[in-house]
Amino acid sequence: MTSPVRVKTLRINDLDVSAREDETVLEIARENGIWIPSLCEIEGLSALSACRLCLVEVKGSPRLHPACVLKVEEGMEVFTNSERVAKYRRMILELMFSERNHICSVCVSNGHCDLQALAQMLDMTHVEMPYRNPALSVDASHQRFILDHNRCILCQRCVRVCDEIEGAHTWDLMGRGINARVIIDLAEPWGASQTCTGCGKCVQVCPTGALSEKGVSSGEMIKKRQFLPYLTTMREARR
Amino acid sequence: MGGYSALLRVLEEMRPMEVIEQMARSGLRGRGGAGFPTGLKWSTVAKAVHPKKYVVCNADEGDPGAFMDRSVLESDPRRVLEGMAIGAYAVGADEGYIYVRAEYPLAVKRLRIAIAQAERMGLLGKNIGGTRFSFHVDLRLGGGAFVCGEETALLASIEGKRGAPRPRPPFPAESGLYECPTIINNVETFANVPPIMRKGGDWYARIGTAKSKGTKVFALAGCVNNTGLIEVPMGITLREIIMEIGGGIPGGRQFKAVQTGGPSGGCIPAEHLDMPVDYQSLTQLGSIMGSGGMIVMDESSCMVDVAKYFMEFCMSESCGKCAPCRVGTAQIYEMLCRITNGTGTPDDLKLLEELCDLVRTTSLCGLGQNAPNPVLSTLRYFRHEYLTHIEVQACPAQVCKLHSAAEVTV
Amino acid sequence: MKIDFEMIAPPSNDKRWRVVQMTMRQHGNQPNALIETLHSVQESFGYLDKESLRYVAAVLRVPQSRVYGVATFYHFFTLQPQGLHICLLCTGTACYIKGAPNLVADVEKLTGVALGKTTPDGQVSLMTARCLGSCGLAPAGVFDGTVVGNLSAPTVHARVEEWLSHDA
């Protein structure tokens with residue numbers, strides 16, 4: 001006999017919702033058509049809580065909580081879009097835009113970029129801090145794919161999909177802080193990798209133009225992500 | 001007082017719940033910086049139902065200007081091991097780790113000797129003191145990463161991974177090392193355990209103030225006549241520490257500020273020298289107790305430069321996982337560079353405050369959440385120094401080298 | 001095909017690999033021994049090169065990218081060979097306000113290399129430490145393993161200059 005899944009009732013903005021006790025606020029909000037911005041989070045991969053865009057307010061708590069890992073609680077009152085969080089989200093986006101180089105007009109992902117889309121949806125009109133514009137390399141050594149560090153926001157979707165779904169763990173992060181970079185094997189050229197299976201999952205989940213297919217020009221890189229929910233559902237069913 | 005006598009007495013006379021009750025009565029709060037009540041932490045781990053539990057000692061004393069833990073580890077490592085073993089008995093753990101900085105080779109050496117000795121004498125390892133209680137301790141060396149002082153990063157590092165923090169909850173008391181319930185306390189906290197067991201929680205609670213019990217060890221350094229380690233009762237004033245114990249400022253110079261809490265703390269100016277040193281007062285002043293570093297600064301220090309120093313530290317110690325800390329600390333640091341080289345603008349100050357607020361509120365872990373403290377506290381007490389750098393391109397303490405218009409015309 | 005990880009051969013016949021192998025075996029060749037093993041490699045060889053990282057990754061069954069990620073996360077590890085002599089200056093808070101930045105600038109000028117680098121002749125590496133915990137002796141440094149306190153520009157100069165002239 002398995003123990004019954006308990007149900008919790010809570011309130012998100014002005015909506016009363018009920019959720020399974022193991023659900024996160026982000027999941028239950030999504031099920032109820034309430035949009036919470038998120039970037040590092042993607043359905044089918046483990047939560048990282050790195051981008052901090054899904055921060056929400058919880059009544060009675062002075063702190064902000066990342067919805068992607070916030071477990072539902074009975075009687076909880078969540079506010080997903082207060083003026084306070086809206087302002088912080090815009091500033092976090094500004095920081096991301098200022099970190100490397102995100103000139104959309106010349107980017108392969110222009111028009112199909114998660115970062116760009118969020119900036120539009122959150123009304124980020126300008127970047128108040130100086131652009132840092134570090135000179136970063138582009139790795140085009142792979143036969144089919146390109147890695148452009150200048151567009152990377154270190155969301156680690158590539159790292160997680162490669163580890164959790166493909167099982168290769170070709171990607172990881174090196175260094176730390178502002179000098180952190182995604183790497184392949186021992187920070188080697190992609191084309192020389194012995195562990196990369198060339199499956200391309202990392203390219204498809206990448207939210208920006210940091211990972212793209214060769215042969216596309218600006219605005220042409222459209223990512224196909226259906227495989228992720230498909231694979232995770234299939235694997236669940238097999239268990 | 002014989003070595004390990006408290007442990008042997010505990011094993012003989014006390015039930016685990018009684019140990020935790022004494023810890024709770026003592027009012028001891030974690031000496032690593034955050035000040036979480038130790039008894040409460042232990043009772044959470046004790047209540048957790050899990051076949052495996054761990055005790056971890058945080059000896060990754062990362063705050064620059066703090067060397068309290070080093071002195072304990074080098075001079076009396078047994079006391080720390082004894083405290084850990086008592087903790088293990090109280091919560092039902094049988095395995096522990098000491099995570100110690102590789103930069104402290106002597107401490108590492110003496111810890112290894114102390115562990116081997118205790119194992120030989122049956123005071124660590126299997127069936128301690130002939131009882132059914134077993135507790136094994138091993139060392140893990142840190143690798144020069146300040147963020148590993150954060151408990152979830154430290155646990156990741158013991159597991160052989162990058163020291164990147166993860167969101168809490170779950171707290172280590174519920175899911176810690178290898179996802180098992182884990183006590184994690186710092187060196188000084190564990191060192192306080194044996195005397196509490198010997199003399200009772202009530203004895204300990206009589207020292208200190210209402211909400212900050214017992215004594216605290218501080219590392220007094222900087223521009224002060226007597227530098228070194230001091231152990232003082234909670235509630236003593238900053239003036240007593242600096243002017244009496246520390247013997248005042250050398251060379252007849254003026255006291256300017258005292259920095260407590262390292263890169264996560266703040267600078268406290270002369271007008272607050274009579275504040276009592278306890279967790280609440282220091283927080284109220286915009287600083288923190290931290291692990292106990294106390295750096296005295298005189299008029300020859302520029303407070304903007306000091307803020308820049310700490311921000312450089314936080315920027316290069318940020319693990320890089322969350323965006324606000326990774327990019328925010330870099331932007332704040334670069335802004336402080338502009339102010340100290342004479343190219344800052346009045347608008348920078350407003351943006352500086354906004355960025356500090358953002359990094360403090362939205363960062364994933366304590367490193368980011370506290371990184372703005374040195375900037376915010378100097379902005380609060382020494383705003384005029386920032387303004388002088390920006391408005392007349394001059395550094396009052398003559399520390400910063402400004403490309404000033406004034407210099408050119410002279 | 002099952003791989004026997006104990007049988008993976010080290011990159012060379014160098015006897016120092018035995019120490020590394022012992023460290024790994026002590027920890028049951030488990031992935032969680034990665035940091036301890038890297039400490040062992042660095043202690044034995046002075047630095048971590050790609051061959052040793054590949055070897056450790058294979059024996060401990062840790063992905064190469066994770067090994068590299070860990071090796072570059074902790075500042076204690078170095079991927080470059082170090083100089084014959086090491087001049088390490090403390091830049092902790094107490095040392096900083098007591099003049100460490102000037103000492104650093106001075107020794108950089110003397111050796112002609114930046115912090116974290118080694119002179120082209122391989123004689124001297126310049127390093128900094130976040131805090132030696134010797135704040136009472138500020139400004140402090142470590143010269144080839146010996147802690148020296150109350151440093152001044154002339155004392156640093158004298159020690160480093162001696163090392164530099166040795167190759168002549």
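This is a predicted model: local features need pLDDT of at least 70, side-chain atom pairs count only at pLDDT 80 or more; totals for chains, interfaces and linings use all residues.
User: In which helix of chain C does C:T111 lie?
Analyst: Residues are numbered from 1 along each chain as its sequence is written, and chains are lettered from A and ligands numbered from 1 in the order in which they are written. Helices (H or I, at least four residues) and strands (E, at least two) are DSSP runs, numbered from the N terminus. By that scheme the helix of chain C that holds C:T111 spans residues 100-111 and is α6.

User: Is C:T111 buried or exposed?
Analyst: The classes rest on relative accessible area with a 1.4 Å probe, protein chains only: buried is under 20%, exposed over 50%, and partly exposed in between. C:T111 has a relative accessible area of 12%, so the residue is buried.

User: Which residues does C:T111 touch, not counting those up to four places away in sequence?
Analyst: Contact means heavy atoms within 4.5 Å. Inside the excluded range, the side chain of C:T111 reaches the backbone oxygen of C:V107 at 2.9 Å. Beyond that range, the residues touched by C:T111 are C:T119, C:L126, C:V160 and C:L164.

User: How many salt bridges does a search of the whole structure find?
Analyst: A salt bridge is a side-chain nitrogen of Lys or Arg within 4 Å of a carboxyl oxygen of Asp or Glu. Over all chains, the number found is 35.

User: How many residues apart in sequence are the parts tied together by A:R157 and A:D114?
Analyst: The side chains of A:R157 and A:D114 meet in a salt bridge, at 3.3 Å from N to O. A:R157 lies in helix α4 (residues 157-166) of chain A and A:D114 in helix α3 (residues 114-121) of chain A, so the parts tied together are apart in sequence by 43 residues.

User: What does the pair of A:E188 and C:R54 join?
Analyst: The side chains of A:E188 and C:R54 form a salt bridge, 3.0 Å from N to O. A:E188 is in the loop between β9 (181-184) and α5 (201-205) of chain A, and C:R54 is in helix α3 (residues 50-60) of chain C. A:E188 counts as buried at 18% relative accessibility, whereas C:R54, at 29%, is partly exposed. Because the partners belong to chain A and chain C, the pair joins two chains.

User: How many residues of chain A take part in the contact with chain B?
Analyst: Buried area is the accessible area (1.4 Å probe) that two parts lose on being put together, summed over both. Between chain A and chain B about 2600 Å² is buried, 58% of it from carbon and sulfur atoms. Chain B brings 31 residues to the contact, and the number from chain A is 32.

User: Which element gives the most to the side of chain A that touches chain B?
Analyst: Three salt bridges cross this interface, including one between A:E99 and B:R326, with the closest N and O atoms 2.8 Å apart. The elements giving two or more residues to this side of chain A are α2 (83-99) and β8 (171-174). The one that gives the most, with nine residues, is α2(A).

User: Which three residues supply 36% of the area that domain 1 of chain A buries against domain 2 of chain A?
Analyst: An automatic or database domain assignment sets the bounds, giving domain 1 (7-81) and domain 2 (87-238) in chain A. The area buried between these two domains of chain A is about 1800 Å², with 68% from carbon and sulfur atoms. More of the area buried by domain 1 comes from these three than from any other three residues: A:L39, A:L45 and A:L53.

User: How many salt bridges does the rule find across the interface of domain 1 of chain A and domain 2 of chain A?
Analyst: The contact takes 23 residues of domain 1 of chain A and 23 residues of domain 2 of chain A. Across the interface of these two domains of chain A, the number of salt bridges is zero.

Key: Side-chain values use heavy atoms; hydrogens and water are left out. A polar contact is a pair of N or O atoms within 3.5 Å; within protein, one must be able to donate a hydrogen and the other to accept it, and residues adjacent in sequence count only if both atoms are side-chain atoms.
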